[in-house]
Every structure is written in structure tokens, then in C-alpha cells.
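Good morning. I will go through one model today, and I will give cut-offs as the terms come up.

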Amino acid sequence: MSGKPEEFALQAPSAPVAPMALAAMGVVFGDIGTSPLYTMREVFGGPHGVPVTPDNVLGVLSLVFWALTIVVSLKYVVFIMRADNRGEGGIMALTSLALRTTESPRLAGGMAALGLFGAALFYGDGVITPAISVLSAVEGLEVATPAFRPYVLPVALVVLVGLFLIQRRGTAQVGAVFGPVMLFWFTTLGVLGAVNVIRHPDVLRAINPVYALNFFVANQWHGFLALGAVVLAITGGEALYADMGHFGRRPIKLAWFGYVFPALYLNYLGQGALIIDDPGAVKNPFYLLVPEALLYPMVGLSTLATIIASQAVISGAFSLTRQAVQLGYCPRVHVIHTSDREAGQIYVPNVNWMLLGAVVALVVGFRSSSALASAYGIAVTLTMMIDTVLAFVVVRALWRWRLGWAVAFVVLFFAVDFAFFSANSIKIFDGGWFPLALGLAIHILLMTWKRGREALARRMALDTIPLKLLIQSLVYDPPLRVPGTGIFMTTDPDGVPRALLHNLLHNKVLHDRVVLVNVITEDVPYVSEAERVRVEALDSGFFRVFVRYGFKDDPDIPAALEMGAGQGLAFELMESSFFLGRETLIPRKGSPLAVWRERLFIVMFRNAHSAAEFFSIPANRVVEFGTQVEL
């Protein structure tokens with residue numbers, strides 16, 4: 001097994017590790033950190049609950065420990081988090097790395113589609129996580145007194161609606177307290193669990209994997225189905241990888257092994273000890289761990305922790321949407337920056353309201369966290385399987401692992417992922433269809449946009465005049481040249497943009513300087529300013545400007561053009577005009593797209609956000625030319 005190539009090595013964060021580890025607690029571990037609210041309850045009290053016996057409790061605790069160890073600790077923290085794309089993690093980064101290993105268009109297309117489907121499933125998780133987390137926290141009121149039962153659903157809805165309403169204000173100020181709150185949360189989890197472990201230290205035997213094996217032998221098919229509830233303990237594990245770019249691998253690793261994992265498992269052990277002592281505690285073992293005098297404060301703390309967990313998922317959906325736009329898988333959307341200092345603090349209204357509508361529908365439709373647990377897990381486990389497949393490609397082809405090591409990697413992790421996915425597959429008809437359907441619908445939209453843009457580019461290329469031919473013709477038949485700079489956005493740097501042809505046709509003039517701007521999005525998160533702009537001077541006052549962005553950069557064309565001054569392109573915004581084309585698409589027979597996909601693409605194209613605003617071009621410097629294009 002060879003080491004990881006130097007070019008893909010993760011650079012250590014400049015900030016001290018300990019403070020970054022504390023900050024990571026407030027973002028990275030919110031989802032997995034709130035799983036104790038409902039996991040043990042669903043294993044024993046869910047639709048496929050196992051009998052409450054001491055052996056079964058020890059078996060389940062053993063399964064939880066080894067699931068956290070194999071899937072979260074080994075797979076994500078130790079192995080997959082090494083697969084960084086210039087410091088960034090997540091399934092989009094993993095897909096980008098996998099695509100570098102092949103030159104086959106068919107194989108690359110398959111891996112891109114697989115990775116994109118995994119990314120689309122994230123939206124399904126982004127809907128269920130807030131719903132089940134907040135509901136399970138508020139349901140603690142029922143433990144205090146049954147009189148609160150009618151108010152659980154309304155209170156949960158108020159909390160969730162309020163959470164989505166404050167998104168437009170940004171999370172910078174609230175985020176400052178996320179870390180300390182979650183540190184207190186994990187401390188509380190550990191202390192509550194430790195108190196019961198001290199009373200019943202025998203539960204520590206559950207770390208022995210023999211108890212997990214005996215659990216399957218004793219319960220057989222019923223024990224296998226219990227994995228569908230055990231998986232709730234590891235939901236959110238993939239967030240460690242997805243959020244790596246914010247904090248770095250070392251702080252996340254330190255926080256997980258040094259504090260979060262021990263505190264989490266102590267709480268599970270404490271719940272197991274409580275259930276062995278009082279089998280009736282399976283109705284809500286988390287809240288029954290809490291002393292009665294502290295129950296209401298604990299409900300408040302739990303609600304705050306679930307809000308933090310939900311916030312991380314919502315912010316992740318915003319970030320993923322922006323990445324999809326940059327990579328050409330999604331139409332331009334309205335993105336609002338909520339912080340002047342942090343580029344990652346964004347708000348995407350369309351995504352926010354879509355998630356809110358889906359979350360409210362889930363809460364009203366399922367009405368309890370136990371019912372929602374039936375829908376939770378299948379999308380997460382499918383995403384984990386996709387991560388394993390793509391990681392195998394990376395470790396074998398990019399890191400040059402020996403075949404034996406690479407096969408051992410994929411067999412171990414894929415077997416575990418597949419076991420969890422298979423156990424969760426029975427949830428499809430109990431609500432698991434919802435995140436799958438949502439993920440599939442988003443995947444169709446993303447692939448439709450990608451294929452539609454490719455079909456449109458091919459169609460427009462048929463009518464494109466070579467740029468060299470146009471420049472040569474100006475020598476023999478020069479048009480009137482007017483002062484200033486005319487800037488034209490183009491996807492084909494060797495062709496003449498339609499807006500330029502329309503300007504010549506209708507206005508009969510050209511500016512003294514004509515700048516053709518070609519924007520290139522790289523499969524890396526960020527492009528440095530030194531590599532941002534390349535200017536190429538042509539004849540007759542023409543310039544080609546190549547502007548490169550990463551998929552997490554914010555496009556700003558005027559700022560990029562100012563960087564071209566050192567390469568011979570002096571740019572003055574108030575003396576420049578930006579000419580943009582606005583195409584009206586018309587369906588046609590013989591289109592390379594299926595009829596339904598063609599119509600869907602046209603609708604998406606019409607509703608795409610303004611190119612001028614997306615590229616940060618001042619509206620008073622923009623001239624648009626409309627044209628009709630048959631797909």
C-alpha cells in the first residue's frame with residue numbers, strides 16, 4: 001500500500017487545533033450528537049423492536065459501539081477524510097477526485113451521475129433531520145406530564161418555522177455560541193450516562209463484539225431488521241467529511257476521539273443500564289435518564305441542540321446548491337451573502353422555502369419522531385454506500401493502493417453499509433420513499449440541467465462564426481469604432497458570441513476594445529487570485545480573458561477584469577458596457593433530449609436567475625440582446 005500523493009495532502013489549518021475542535025462541535029457533530037434522543041427508543045419500541053432482555057440490551061449496545069467505530073471512526077475519520085480536494089471534503093469533492101482517475105467519457109459519466117445522486121440524497125436528509133430532531137426534543141414535554149401531549153406538534157412546528165425564518169439573517173452571530181453549547185450538550189450526555197453506568201457497570205461488557213454476534217444468533221431475522229434502528233446512531237457521520245473544509249481534518253479528529261465519541265457512547269451505555277434496570281423505560285430512555293427536577297431545562301437544552309443540528313444541515317444544503325450551480329448542474333439561483341467577512345455564510349431563498357415546505361409536510365404527516373424514524377436512514381445509508389464506491393476508486397487509482405488493500409477496504413466498509421441499507425429497505429413503504437423520491441427528483445433536475453446545457457451549447461455551436469474569421473474580416477471591412485470597452489460573456493473562446501453579432505447587425509458599431517470573457521469552473525473548491533485571470537491580446541483591439549473559479553468561489557467579473565491590468569488590459573467600469581445574450585428556447589422535433597426532459601429544461605432555463613447579478617455585474621452597465629434558439 002503506497003502513501004497518498006503529496007499533491008492531495010491536506011494542509012494543516014493555520015488556527016490552533018483546540019479552538020477549531022471546539023468550533024467543529026457546533027457544526028460537524030450536531031446531527032450525530034442528537035441521535036441519543038431516539039435511537040435506543042426505536043430499537044426496542046419501534047415497529048421492529050426487539051424484546052427487552054438484558055442480553056438484547058447488551059447486544060444492541062455492542063452494535064452501536066461497533067457501528068460508530070467502523071463507519072464513523074474508521075471509514076470517515078481515519079480513511080475517507082484523507083480524500084480531500086485541496087482541503088475540501090464531501091461527496092462533491094470525492095466525486096471530483098474519482099473523475100481524475102479515468103479518461104473514459106462513459107465511466108466518468110457514470111461516476112458523476114453516482115456522485116450527483118448521493119449529493120441529491122443530501123436534500124432528503126436535510127428535510128428529515130430538522131423534523132425528527134426537533135420533534136424528539138419537544139416530545140420530552142410528554143415525559144414531564146401527559147398534559148403537554150396536545151402541544152408537542154404545535155410547539156415543534158413553531159420552532160421549525162422560526163428556524164427557517166431566521167435564515168435570511170445569517171448564522172454568523174448564532175454560530176459563535178454553537179461550539180460552547182454543543183460542548184455543554186456532550187458533557188451533559190456523558191454525565192447522565194456515566195451516572196447509570198456507575199450503578200450498573202456490567203453494561204461495559206457490550207464493547208465486546210461477541211455480544212453483537214450473539215444478538216444476531218438469538219434474534220436472527222428480527223435482529224437483522226433491528227439494524228434499521230441501530231443506524232440512527234450513525235446518521236450524521238458523513239457530515240464529518242462534508243464539513244472538513246471549514247475546520248480541517250485534525251480538529252475534527254481530535255473532537256471526535258477526544259470528546260464526542262466517548263460522551264455519546266457513555267450516554268448509550270447509560271440508557272442501556274436504565275432499560276436493564278427498568279424495562280418500562282424503553283418508552284423514552286433518554287429523558288428518563290434525567291432527574292425529574294432537571295427535566296424541563298433538559299428539554300430546552302435538547303431543543304437548542306436539535307436546532308443547531310438542523311442549522312448545520314440547512315447551511316449544508318445552501319452550500320451544496322451553490323456548488324451545483326458553479327459546476328453546471330443547477331440553474332443560477334439567487335444567493336444572498338449574510339456576512340461581510342465569511343464567504344461561506346450564504347442564504348438561498350428558493351432552497352430555504354423548499355426545505356421548509358417539505359419539513360412542515362413531514363411533521364404534519366408523520367406527527368411523531370417515532371413515525372419519522374421509519375423514514376430515516378435509507379437515504380443516509382445509500383449515500384454512505386456511494387461514498388464507499390467512490391473512495392475505492394480514489395484509493396486504488398489515485399493513491400495507488402495495492403489491489404489487496406483496496407479490495408479489503410471496499411469489502412469491509414461496503415458490507416457494513418449494505419447491511420444497514422438492506423435493513424432499512426423495508427422502511428420504503430413506511431415513509432422511506434419520501435427522502436428517496438425527493439433525492440431522485442432533485443437528481444433528475446440536476447441531470448436535466450447538465451444535459452440541457454450541453455445540448456444547447458452544441459446547438460449554438462452550429463451557428464457560431466470562428467473568432468479568427470471575424471477579426472480578419474474587420475481588416476477589409478471595418479465598422480465604426482466607438483470609444484470605450486465592450487465586454488461579451490462567452491462559453492466558446494474560439495467563437496463569436498451571439499450578442500456581439502447582434503450588436504454589429506443592429507448597431508453597426510464596435511467599441512475600440514472588445515473583450516471576450518470565458519468563465520471556467522475548476523473541480524477544486526477555490527482558485528487563488530494569482531491563477532484567477534489570464535489575458536490574451538488579439539488583433540483589431542480584441543482581447544480574450546479566461547477567468548477561473550473554484551466551485552466554492554463567488555464569481556465577480558468586474559473584480560476579475562481589474563486583475564487583468566498587469567497583463568495589458570486596463571479596465572474602467574464606467575467606460576465599459578457588458579453585452580449579455582438572453583436566449584428564448586423553442587422545442588423542436590429531433591432534439592437530443594427526450595420530450596419531457598426538453599420541456600423541463602426549458603422551464604428551468606426560463607426561471608434561472610439573472611446572469612448579470614450572478615456574475616456581480618452592475619445592472620446599469622448591462623445591455624441584453626434577445627434571441628430565439630431551437631433545441
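In which helix is the place of Leu 462? Leu 462 lies in helix α21, residues 433-462. Helices here are DSSP runs of H or I with at least four residues, strands are E runs of at least two, and both are numbered from the N terminus.

Before more detail, the ground rules. This is a predicted model, in which local features need pLDDT of at least 70 and side-chain atom pairs count only at pLDDT 80 or more, while totals for chains, interfaces and linings use all residues. Residues are numbered from 1 along each chain as its sequence is written, and side-chain values use heavy atoms, with hydrogens and water left out.

Back to Leu 462. Its relative accessibility is 62%, so Leu 462 counts as exposed. The classes are buried for under 20% relative accessible area, exposed for over 50%, and partly exposed in between, with a 1.4 Å probe and protein chains only. Between the C-alpha atoms of Leu 462 and Gly 270 there are 69 Å, and the two residues are 192 residues apart along the chain.

Next, helix α5, residues 91-99. Of its 9 residues, 8 are buried, so this helix is largely enclosed by the rest of the structure. The buried ones include Ile 91, Met 92, Leu 94 and Leu 97. Their cover includes α6 (105-138), α12 (239-242), α16 (295-326) and α19 (378-398), where contact means heavy atoms within 4.5 Å.

Now the charged side chains. How many salt bridges does a search of the whole structure find? The search gives 12, a salt bridge being a side-chain nitrogen of Lys or Arg within 4 Å of a carboxyl oxygen of Asp or Glu.

I will show three of them. Arg 41 and Glu 42 form one, with the closest N and O atoms 3.1 Å apart. Glu 42 is buried at 5% relative accessibility, and Arg 41 is buried at 6%.

Arg 149 pairs with Glu 142 in a salt bridge, and here the closest N and O atoms are 2.8 Å apart. Arg 149 is exposed at 53%, whereas Glu 142 is partly exposed at 24%.

Salt bridges with shared partners link Asp 494, Arg 534, Glu 536 and Arg 544 into one network. Glu 536 is partly exposed, at 23% relative accessibility, and so is Arg 534, at 44%.

Arg 597 sits in helix α25, residues 595-606. Its side chain makes a polar contact with the side chain of Thr 448 at 2.7 Å. A polar contact is a pair of N or O atoms within 3.5 Å; within protein, one must be able to donate a hydrogen and the other to accept it, and residues adjacent in sequence count only if both atoms are side-chain atoms. Leaving aside neighbours within four places in sequence, Arg 597 is in contact with Ile 444, Met 447, Thr 448 and Arg 451.
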